[in-house]
Amino acid sequence: MTDTLVEAPVAGTQKSFEEGRAGVKAYNEMWSAPHAPRPHWDRFVCGMEGVGLTEISRRWEAAARLIRQQGMTYNVYGDPHGMDREWQLDPIPFIIDSAEWKKISEALIQRATLLNHILQDLYGPQKLLREGFFPSALVLGHPNFLRPCAGVPVAGNTYLHVYAADLARSPDGQWWVVNDRTQAPSGMGYALENRMVVLRMLSEMFRDCEVKRLHGFFTVLRETIERQAPHGKENPRVVLLTPGPYNETYYEHVYLARYLGYTLVEGGDLTVRDNRVYLKALGGLQQVDVILRRLDEDFCDPLELRSDSTLGVAGLLQAVAAGHVSVVNPLGSGLIEIPALRAFLSPLCRHLLGEDLKMPSVATWWCGHKQAFDYVRDHLDQLTVRPTFGPERSGPFVHAMLSAPEKAALLERMRFRPHDFTGHEQVAMSLAPTLANGKLEYRPAVVRVFLVARDGGYHVMPGGLTRVAAAGGQGMVSMQHGDVSKDTWVLGGNAAEEIAARAQIASLELRRGGNDLASRVADNLFWLGRYTERCESGVRLLRTVLLQLTDESSLRCSPALERLVAAPYAMGLTSVCPGDLCLAGELERVQADLLESVFATGRPMGLRETFGRVHWIASSLRDRISPDVWRIVNHLEREIFPAAASSAPQPGEGIVLLNSIVTILAAFNGMEMENMVRGMGWRFLDVGRRLERAVFMLNLLRKTVTTAHEDDASLLEALLDVADCSMSYRSRYFGPAHLPGVLDLLLLDEENPRSIAYQFAVILSHLDFLPREQEDHLPSQAKKIVLAGLANMRLADVEALSKPDENHFRSALDQLLDVLVRGLPPFSDNLTLRYFSHSVAARELNSIAVQIQS
């Protein structure tokens, strides 16, 4: 008998939780009848009644801010927000009682065991094909069957270390398996993050409902992964292989790598030598024992699988076959995801396990069999049709939604090549309560449940990732369609489960250092330092120029101001070449261009574009930077810049924004200095920052003080402001600024963190600790460049540098600055070749040029 259905309630009253009937025949998860919540929802409904929807909505606004701060994202392809699209989470959990969960767990353990047996056979003796349990054309002709993997031994004959099943409930309350996820199941990291957010917002309800905890599952997951190490190696090196930042679930990859304590790598970080997989690290090649892959299997090895893949590791399959590395899940496990195979699981369960399938799959018909084709053809209006082979670019087809010509064309294609199509029953998914626009609505839901292999069986996560449709009438549920996730609460937690399962901790060899840092990560940290410093230096220069343009100072309408205003243009920060500022309208034109550089989006050399690069690099380093550092970066990108958007910004607004950016970047630099371990990562980050600061100061001095003018004192005051050295100068000298004192402070003083000499000295100290520098008897080319530049500055006579010739040109100063600035590009190139050459190509300097034509 089908339960009574309840439609979306009206917010703000007790009625909102009890009254109404839905017009669509579907199972309501929350209500068994009007005024009658299901027993396992009682405590939650009482809690909701006590708190009220208004308070729940208020709390959820705070939760949304938490999600933004943590940078929880999901990349919906084609979405304008791209990688920055926030993860969608609904506050109302999906609740399952303990008795029902026990049945679900038993059914899924059986199913995972069955699927593992099938994979063992299809990549081994293939008895099931010879005995007719599977059509050979369906299996061997499918792209998911990886022929190079046939016969490759798998440790323990376990093909499914991690398995996930998408479940939906039909109107009669029966659970059905909608999809099997066997290749690289995604979502468990999001499920854990959902739990963290919901627990912090609905803590009292979570406690009162006695919800089972998730942490034990991840302890088992870690144990299972590490047990896959070849030859039973203790403390194996495990890496998590990701396609990279553009993948839809990249945030989850970062989160899992950090939570499990594994190194996050891309294909380019690994190499195969002598049938072994190595991590390309600063200290040399480090052997990898286990790869937890989040990369589709056909992209994993361009030698044996997809030759056009740039995401995988050439020779990986050969290393697996040699038994020197394990992959979780093994390559080839995606074969089970073929939807047509579900049509054959029931008899296979009886054949392989000697029992009936405890949880049925959604009814499926492969049209390669005539009887199945006839059924699909005769019931097309009630079914969904999908392509059997290849990606579903042209499907699925819901016949009832097709026009008459489209239906006729589909039938003709099916008659011509019936084996290319598979029919599926359309299940009316159950309706779960969802908070939308301040009220409860009921929408279709699908629950993804995760299992991990353990001691010859499987362990089920006591929860999962629930997804609900973005709209009530939606027939499909997919995060790629912009749908919403939920936390999944399994009731029946007890005091014993509050004690975290302790992982077996093997003996550890204590160590310090960081030579195992991946070269790609070191490269990204180097450029993170460069771009953050580039952003800060540009902000300081733009702020000083804007202040001078709007100040009644002696600089106004003077050659000194023209030189100061010309510096941002020469460095690529602005696009308007300044002319005579005393001409009518010229000063306003320059000021408008400067403000556009501060506020405009999409401007190649503008401030927003530069910081966009900071944000992108930081996002690719999410597993390496602390959550606090990420929140600083995310706050600036997501809140400060959008809040400052204006169609006609005024100078005062620009100054306020630039002040805010300086403050936030100071927080970033403070976190770097105080919180980062002084390992290789910190050194490359700081080298990048010091190099960029030296480039900026050299170019700034070269554009402003190599030519002498009567009003140099006013210009020098502005330069001290840009370098944040006004107080330091005043503590040494009285009266107006004079060039020898300024040059000594900004160029030659190795005690001033803003001086050029200080940057060279710090870079030199970092080079002494880099791994290859310590091994070599002679200094590297990069080190020679820094030593030469530092020696030139130490030997320089500041009085001679300050003295102009008869043409008012300071040739000695210009020559020194020229020698220093010309040495920095070769230094960067040598550093790249020495440490990053096997990572991504060096990024191009396209905002602040290394050399500026004078």
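In this predicted model, Arg530 lies over the face of Trp527, at a distance of 5.0 Å from the ring centre. A further charge over a ring is found at Trp630, where the charged end of Arg622 is 4.1 Å from the centre.

Aromatic pairs number 23. In one of them, the ring centres of Trp41 and Phe44 are 5.7 Å apart and the planes stand at 85°, so the pair is edge-to-face. Both Trp41 and Phe44 are buried. Phe218 and Tyr259 also form an edge-to-face pair, with 5.4 Å from centre to centre and 70° between the planes. Because Phe218 belongs to helix 8 (residues 215–226) and Tyr259 to helix 9 (residues 250–260), this pair ties together parts that are 41 residues apart in sequence. Phe218 is buried, at 1% relative accessible area, whereas Tyr259 is partly exposed, at 29%. Phe218 and Tyr259 belong to an aromatic cluster that also includes Tyr74, Trp87 and Tyr190.

The largest nonpolar core comprises 179 residues, and Ile118, Phe134 and Leu541 are among those with the most contacts inside it. Helix 14 (residues 519–549) supplies the largest share of this core, 14 residues. Another core, of 65 residues, lies apart from it and includes Leu66 and Met201. Beyond its neighbours within four places in sequence, Phe134 is in contact with residues including Ile118, Leu341 and Phe344.

Thr364 is located in strand 13 (residues 364–366) and counts as buried because its relative accessibility, 10%, falls under 20%. Its side chain reaches the backbone oxygen of Val362 at 2.7 Å. A polar contact of 3.5 Å also joins the side chains of Thr364 and His424.

Conventions. Residues numbered from 1 in each chain as written. Predicted model: local features only at pLDDT ≥ 70, side-chain atom pairs only at ≥ 80, totals over all residues. Heavy atoms only, no water. Core = buried A, V, L, I, M, F, W, Y, C linked by side-chain atoms within 4.5 Å. Buried < 20%, exposed > 50% of the residue type's maximum accessible area, 1.4 Å probe, protein only. Helix = DSSP H or I, 4+ residues; strand = E, 2+ residues; numbered from the N terminus. Contact = heavy atoms within 4.5 Å. Polar contact = N/O pair within 3.5 Å; in protein donor to acceptor, adjacent residues only side chain to side chain. Phe/Tyr/Trp six-rings, centres within 6.5 Å; stacked < 30°, edge-to-face > 60°. Lys NZ or Arg CZ within 6 Å of the ring centre and 35° of its normal.
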